Structure formats: structure tokens, C-alpha cells
Amino acid sequence: MKTQNEKLLIVVAGCIIGIIGSLLVYFGNPANMGFCIACFIRDTAGALGVHRAAPVQYIRPEIIGLVLGSFLMALFSKEFSTKGGSSPATRFVLGFFVMIGCLMFLGCPFRMILRLAGGDLNALIGMAGFVCGILVGIFFLNKGYSLKRTYRQPVSDGLVLPIIQVILFALLCAAPAFIFFSEEGAGPGAKHAAIGLSLVAGLIVGALAQRTRLCMVGGFRDLVLFKEPKLILGFLAIFVSALVMNLILNSATDGVYFTLGMAGQPVAHTDGLWNFLGLFLAGFGCVLLGGCPLRQLILSGEGNSDSVLTVLGLFVGAAFAHNFGLAASAEGPTPNGKIAVIIGIVVVAFIGCINTFMKKEK
Amino acid sequence: MNTIDARGLSCPEPVMLLKQAMSSGASSYEMKVDCKTAKENVTRYATSQGYKTDVKESDGEFTLTFTK
């Protein structure tokens, strides 16, 4: 595909994704949370009972749609290919701590954009941390960081996460007693668009993200490393379209979709230092992983079993975050959460060092 | 010709390897990748550096030749 066509495609896709992000809030999702990979994996973990935080338990169809949308698009474009073996355990640990960072900030990089588009200026401080984390990750890349290559794996390995998503969807629809759903008014988990809408939104965004290689970390990373603007254009398109859509919804409906400021923002806190450090950890970890949480879901749908391990790391990280009081809330970060973020930065830096400076040549 | 094997590597390692190799200023390079994303990324970078790209696909792997 010609470079100009690629850029046009990602801008159009970004605009569609931004509009879908805003509309999901209109149809019932929590404010500034049309999409949040971290929050939605956390909600799903809660629904399965691996954490018992009552306000955040719901099997999010958006996640199911993202994986299956990517899977179907990869099948259609003959890109589905099962690969793995590139330091899977390390990727699990990185995924775990990326989640710890995201739940300190209260959102993944995708939600960071949507929070900015909703006027939440805390996300600007988060974005500063995110960019700094990416820059530190780039330092390691420039020094030769690598988790080594993948190899082909049996096809069945690449089908694991898509099949899990189908099972999750069945559980969501059947709602058996052993699945936990946040009760009305209990918190963000109780706010959601209709199942069908959320699923279709996820499928569309998953397919578009697979086709365009959309990645929130990749945008800043490629701009700094190669002066390549393609991915950052997608990032900007999501921001602009979600912002415009929020302003339209603000004036055309009774709801509040855009409030400029820091205090009182939905599902957010105002502790700048920890917003910064939370997304610093997420940005740093995601560069070492090769992509943001959204990208990991998309790669999982394409058959990358290392990304499946990363998603499992995110899932377990979310469970730990709520079982051990690590996740922040609207009241701010917890002492345990601060310690976990510091440990996370140390661990991710350690992973960066040993895979950069202690590599044995083949 | 310089040959770079970037099969199986995560983003953005294939482009970094190509960038590193192209800093030597040779007139041609050969590169192996095993996914379309890497193929697109290295092709875009080579084009930005003024190289023409020739692609051969075999069994899901791509051999790219960049010439100036």
C-alpha cells in the first residue's frame, strides 16, 4: 500500500474509532470510557471472580469484539499466523506491571486519549509520563534491547484467545450465578452500553486496528525513532473525532460529555505525580513489549501467542491490583499502589537491562 | 549484499535493524521478515531513505531487496 494511502486509512479509521468511543458513552459506558483496555480487562477479571471489587465486575463485550474483530480481519487478509516463543514469561511480567501502571492512572493509553477528548486535563500529566516512559524504552531499543524472535507454533495455540472470547460471550449472555456483575449504581462496572452494541463496536474497532496496525505507544515511538508519523496520525484522529463528538453530544443532549479541568473528572483522580508515574510505567513497559494493550489484543487475535501471554499478564495484574489494594480510585492512589508502581518501574528497568546489556550473541 | 534476518522480531526491531544497516550507506540490502506488518514498516522506512523495494514471498516469509 502506498504511504499516503496508509496515512489516509489510519486517519479515517482513527476518526471512526473516536466517534465509536464517544457514542459508547452516550449508550451507557462510563464517562470518558468508550474504550479502556485496562479497565475492561479488569472488569472482566472481576466478573470471573478473580477479584471481588464489586464496583468493577462485568464481562466487557468490547474486549471480546476487539479480539474477534482482529481474528476475523486477519483471517480475511490471510494474516492469521500462529507464532510465539519470544520470551513469553517476560512478556507476562511486563503485561502484569503495565496493568499496575494503568490502574494507577485509571486508564490505558487508549483511555488517556478519550479522557483528553473529554476535557480531563489530568490525562495531560499522564501523557507526559507516558511519553517519558516511551523515551526510556527507546533508550533501551537504541542500545539493542530485544526479547528475541518468535517461531511458528501449532495453529491451535493461536485459536486459544479467540475461543476464550466466544466462551466469555456465552457466559455474558447466559449470566450464570457464578459470574459477578456490578449492581446498578455500584460503580463503573454497572455502566455499559447494550451487549450487542458493545460487541459490534469492538468488532469494528478490532478489525480497523488490525488493518491499520494502530498502536498508542507506536505513535510516539516511531515519531521519535524514525520520524515516521503514520501511527501518531491515528492517535490524533481518535482524539480530534472523539473531542468533536463529545462537544456535539454536550450541546445536543442532556448529558455531560466534555468538562475542561482537573477536579471532579469521571473515574479519575488529581494526583499528578502518580498519574505521571502510572503512565510512565505503562509507556516504558509497552515499548519493551512492542505495543500498547490494544495492540496486544489485536496481535492475540492474529495468532501471536506471546501477546496472549501479555494479555494474561494484564488480566492477572488487574486481579492483583484489586485484591491487594493497588488500584487507584477517584479518591486517589493507595499506599500499596504507590509501592507497586515503584516496584514495577524497577522490574521493567531490570527486564530492559538484562535483555539489552546481558545478551549472549548467538 | 548485506542480508538482515528480522524474522519473528517485535516492532520496531526490524526497522531498527534496517536503520542501523543503512547507516553504512551501501547501495543494496536484503532483508527477511515473516509478517506483513514488518514488511510494510521496513518498506516505508526504505522508501523514506530513497531505496526502491523488491518483494518476494514464499511460505509466509518475505525477502525484500532494497536498492538505490
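## Chain B fold

Chain B is built from two helices and four strands, in the order β-α-β-α-β-β along its sequence. Helices (H or I, at least four residues) and strands (E, at least two) are DSSP runs, numbered from the N terminus. Bear in mind that this is a predicted model, where local features need pLDDT of at least 70, side-chain atom pairs need 80 or more, and totals for chains, interfaces and linings use all residues. Residues count from 1 along each chain as its sequence is written, while chains are lettered from A and ligands numbered from 1 as written.

## Chain B size and packing

Of the 68 residues in chain B, 43% are buried (20 or more other C-beta atoms within 10 Å of their own, C-beta atoms being placed from the backbone). Take the contacts in chain B with a separation of 6 or more: 59% join residues 24 or more positions apart (contact means C-beta atoms within 7 Å).

## A helix pair in chain A

Over in chain A, the axes of α9 (residues 216-226) and α10 (residues 230-252) come within 7 Å and cross at roughly 130°. Those axes are lines fitted to C-alpha atoms over the stretch in contact, with angles from 0 to 180 degrees between N-to-C directions.

Among the residues that meet are A:F220 and A:L223 in α9(A), and A:L231 and A:F235 in α10(A).

Key
A residue is buried if 20 or more other C-beta atoms lie within 10 Å of its own, exposed if 12 or fewer, and partly exposed in between; C-beta atoms are placed from the backbone. Two residues are in contact if their C-beta atoms, placed from the backbone, lie within 7 Å.
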